[in-house]
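Please look over the helix packing in this model with me. My notes follow, point by point.

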Amino acid sequence: MLSSDKAQASVSARNLTKRFGQRLSVDNLNLNIYPGELYALLGDNGAGKTTTISMLTTLLPPSSGEFFICGFNGLTEAEKIKGCFGVVSQDLALYNELTPYENLRFLSDLYGLPKKVGEERIEKLLRRAGLVDRLNDRTENLSGGMMRRLAIACAMINEPKVLFMDEPTVGLDPAARRLIWATLKELKGAGVTILLTTHYLEEAELLADRIGIIRAGQLTVEGTVPELAKRIRGMRGISIRLVQELAVDSEQIASAIDLLRAKFDLEVRLDTLRNTIYLTQLAQDNVETYHKEVFDWLYHENIPFLRFATGEPNLEEVFLAVSKDEVAS
Amino acid sequence: MHAILAIMYKDILQWTRRPLYFGASVMLAILILVCVGNTISGANDMPFGLYDPAGISELSKHLTDTKRFRVRIYDDLEKAKGDLAREKIVALANVSQDPLEDSVQILSGGNNPLIDDQIAMGLLAVLTQRAKELNIPLHSAALFQVNFGLRDYITSGLVAYLCYVLASMNVGFSWIYEWMERTYRQIVFAPGGLNAAIVAKTLTVTLEASLVLWLALGITAPIVGFTLGGNFFGLLGATVLSVFTFACIGLCFACVLKTIRIYTMTVSILGVALMFVSGIITPVKAMPGWEQKLAMLLPMYYAADITKGVMLGIPADYSRDILILISWSVVSLLLARFLLIRSKASI
């Protein structure tokens, strides 16, 4: 985690609030993102992620509160902050009739870059995006992953200090997502401050320095991945995927679980979609005994399973726990 | 300035990549000029029955000369009336066979006032043009000696209407398309991007719509046969100003309506209403009083006045027209800017 006490935040929001009529979309959001940091903002649909980004990028005026980008006040110096940030939205904001080169050329001219500087930057961005051999193809003929990389290149044309990315990998195949992740890591390495909203928890876990979870417009939890894990009660490591023939919500399983509960202080969650039992260990000690007992229980109760997994908590567990108000204060 | 030029260059580049859209725009303008002009400027070769077995009158020659009527001669009056009833002819001239009576009775179906009007207009033309030859005390005169027909008059009004149609269409496909594709945000995120976009887009739309209009006029005028007038630069100026005004107004509508479907529907309906109210077809002075007052409030009335003035050379209050069109443009631009700033995110 970056030093937060001394560095001046690249993005700072103070009591940022947005109301749409009676509906409170963002509620007193306080947020600091420091230079070179990648901050992932997680939340359900409608939690307020996009509204937050819309306010921070001056698209939407806040109902109250204030925010600063690169030290400029977003409310009173909106035009000044515009040169400081780039935006990659979930919609691909590209001109499909134009080529990748023309898309970048347009933005270079829009920002008033000198011709030589613009050409050098376009070349660099096209190379980084892996689009040098497609620079004269029409954008509409590029693959989804290529378009997304071009969108990132477009957002970087003015070499912004801050990059807002609103679900940049949504709808991409795994290979394309990995390429985007590599680009994000490269940008982070180059010192760009990134605010990333995503539904992919794995993505946030992999890329982010810090993670914030927004719920009903409020920043419920904030911290690094290990910090968040510590804050979740009983982050366990056992998931048991049953064979298809045995339903996780069957009577056989219900009675077997009662036996296990009698031995351990357990919290059990049944995932019917994945046909999986998740066991929550409320205390972190005695892990080996606990694992062995659960394993024995499976054989003793004659429960056939496909997968028995233990491990560190992942963000999905964190996210679900937070969504259920299970955060330990 | 660099932002304005960048947006204009990009828009024109995009425009050149949509040849189908360009072709469709030109075709639309040509169709309106040809079809609406033809329809409104009156019928040709209307089948007109003539019962004059003794050949007392020379109506057959005079009616044919107008090209409005195709004369069908009848020897049997009852058969002629039967054809009129069966709508094989639109009217029947029954020339009295009594040399002392010297009268003509015009019979029409009577169930279509517009056809009756056309017949009346045609007959009036025959009578006024041939009054001397026919030795009848009927004369027509005009305060201004003009050298154009109804077709020219209608076409010059249609030019104003086309300024509206093409500007609205281009605003829709330029602005709303940009909003739908979200590319508009790229522009807004650049410093000064919003103001640059407003200026650049209205200028580009004006240029594109004007080019389409001029092309359509250039193709259609020599083929169909209407005058473009002798004031070439006046015509350019009038059309550019009219298109610009409608582009600015269209921008306001786009900001409020936001989706291409609702926008297209609204401007189409509005366009038809404007065409009838603003004196494109029927002169404003021939309309009911309240409509005349309404017409004076609408920009198309002034666009039509100015295009008719430069194309036909008829009296027009140019300074008033220009001032009002510019006022509409400025107010619309300011309103559009206000609306855009207010609803950036939702757009």
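1. Helices α10(B) and α13(B) are roughly antiparallel, because their axes cross at roughly 170° (over 145 degrees counts as roughly antiparallel, 65 to 115 as roughly perpendicular, under 35 as roughly parallel, the rest as oblique). The axes come within 9 Å. Axes are lines fitted to C-alpha atoms, for helices over the stretch in contact, and angles run from 0 to 180 degrees between N-to-C directions. Helices are DSSP runs of H or I, at least four residues; strands are E, at least two; both are numbered from the N terminus.

2. On the α10(B) side, the contact includes Gly234(B), Leu235(B) and Ala238(B). From α13(B), Pro299(B), Ala303(B) and Ile306(B) are among the partners. Contact means C-beta atoms, placed from the backbone, within 7 Å. By class, this contact has eight nonpolar, five polar and no charged residues. Ala, Val, Leu, Ile, Met, Phe, Trp, Tyr, Cys and Pro count as nonpolar, Asp, Glu, Lys and Arg as charged, and the others, Gly among them, as polar.

3. The model is predicted: local features need pLDDT of at least 70, side-chain atom pairs count only at pLDDT 80 or more, and totals for chains, interfaces and linings use all residues. Residues are numbered from 1 along each chain as its sequence is written, while chains are lettered from A and ligands numbered from 1 in the order in which they are written.

4. Helix α7(B), residues 150-180, packs on α10(B), residues 232-257, at about 45°. Their axes are 8 Å apart. The two are therefore oblique to each other. Among the residues that meet are Trp175(B) of α7(B) and Phe246(B) of α10(B). This contact has 14 nonpolar, five polar and no charged residues.

5. Chain A has eleven helices and 14 strands.

How values were computed. Contact = placed C-beta atoms within 7 Å.
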